[in-house]
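Trainee: I would like to go through the terms used for this model and the values behind them. Shall we start at the ligand?

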Amino acid sequence: MRIYECADYQGMSRRAANIISAQVIQKPDCVLGLATGSTPIGTYKQLVEWYNKGDLSFAEVHSVNLDEYRGLPGTHDQSYRYFMQTNLFDHVDIKVENTNVPNGMAEDPAAECQRYEQVMADLGGIDLQLLGMGHNGHIGFNEPCDDFPLITHLVDLTASTIDANKRFFASEADVPRQALTMGIGSIMKAKKILVVVSGADKADIVRRAFCGPITPQVPASILQLHPDVTLVGDSAALAEIKKEGVKVCG
Ligand code: GLP
């Protein structure tokens, strides 16, 4: 695993965008696995800036997003489809038909999860998967549990995730209680993984995920077994992991 320490959120965003750009430049028809949450917003902003400068094109890129709330249509301003449109897709030349987000409105979530797995298989797998991390170590919406879920599935959100995400909704009651998410197996199949973390409030979970035991109680800890993971964080988020003596690049 490579760890890059950046001074602040902006530096983290720029470094992560650099890694994604390198992927797109090296393989213009690559498959990007994309993430939501507040952490990658700056990364997307930077990619849009470089696209506007003419340094980057997404014309041949396909994308698959990690997850979507159940019950929110893509037009809802808190749906992850809406997030992706407004933070990235609407501002670059990616073809909307080449972008994939699970359908949170699917009447049959099990069939939708199966369809989503097939989409990833038909695309030949993910070249680079971008990940944020929840405070409880969730990746996508794979919450702490007893077994690592393998494939895209419907999940009940934990109280801590509902609490963390209520800031985006009018009230806690408005936060959907379920989501469709890629499984840990779907994520681990990605050829490369890029994790972005920012802020002192993530420092402890970063240490537990990357230096603690591999356990489904900390879903991100499975990433220790992936052969090509890059962790990009600001100094605050990396403060605890650095105390474990891991090698960090500037
Ligand atoms: C949500 C998303 C995750 C994301 C997490 C962390 O729950 N499903 O993919 O990593 O939030 O969000 P933030 O970056 O805002 O801390």
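Mentor: A polar side-chain atom of threonine 39 lies 2.4 Å from an oxygen atom of the ligand. This is a predicted model, in which local features need pLDDT of at least 70 and side-chain atom pairs count only at pLDDT 80 or more, while totals for chains, interfaces and linings use all residues. Residues are numbered from 1 along each chain as its sequence is written, and side-chain values use heavy atoms, with hydrogens and water left out.

Trainee: Which atoms of lysine 202 and the ligand pair up?

Mentor: An N or O atom in the lysine 202 side chain is 2.6 Å from an oxygen atom of the ligand. For glycine 140, a backbone N or O atom lies 3.2 Å from a ligand nitrogen. The ligand has 390 Å² of accessible area on its own, and the protein covers 96% of it (Shrake-Rupley method, 1.4 Å probe; for residues, only the protein chains shown count as cover).

Trainee: How many residues surround the ligand, and which are the closest?

Mentor: There are 14, and the closest are Ser38, Thr39, Asp67, His138 and Lys202. To be near, a residue needs a heavy atom within 4 Å of the molecule.

Trainee: How does the shell around the ligand divide by residue type?

Mentor: Three are nonpolar, eight polar and three charged. Ala, Val, Leu, Ile, Met, Phe, Trp, Tyr, Cys and Pro count as nonpolar, Asp, Glu, Lys and Arg as charged, and the others, Gly among them, as polar.

Trainee: Why is asparagine 165 called buried?

Mentor: Its relative accessibility is 9%, so asparagine 165 counts as buried. Asparagine 165 is found in helix 5 (residues 159-165). Helices (H or I, at least four residues) and strands (E, at least two) are DSSP runs, numbered from the N terminus. The side chain of asparagine 165 also makes a polar contact with that of tyrosine 69, at 3.1 Å.

Trainee: Why is lysine 166 called partly exposed?

Mentor: Lysine 166 has 34% relative accessible area, so it falls in the middle class. Lysine 166 lies in the loop between helix 5 and strand 8 (178-181).

Trainee: Why does alanine 236 count as partly exposed?

Mentor: Alanine 236 has 33%, so partly exposed is the term. Its place is in helix 8 (residues 235-243). Tyrosine 9 is 227 residues away from alanine 236 along the chain, yet their C-alpha atoms are separated by 9.4 Å.

Notes. A polar contact is a pair of N or O atoms within 3.5 Å; within protein, one must be able to donate a hydrogen and the other to accept it, and residues adjacent in sequence count only if both atoms are side-chain atoms. Buried means under 20% relative accessible area, exposed over 50%, partly exposed in between (1.4 Å probe, protein chains only).
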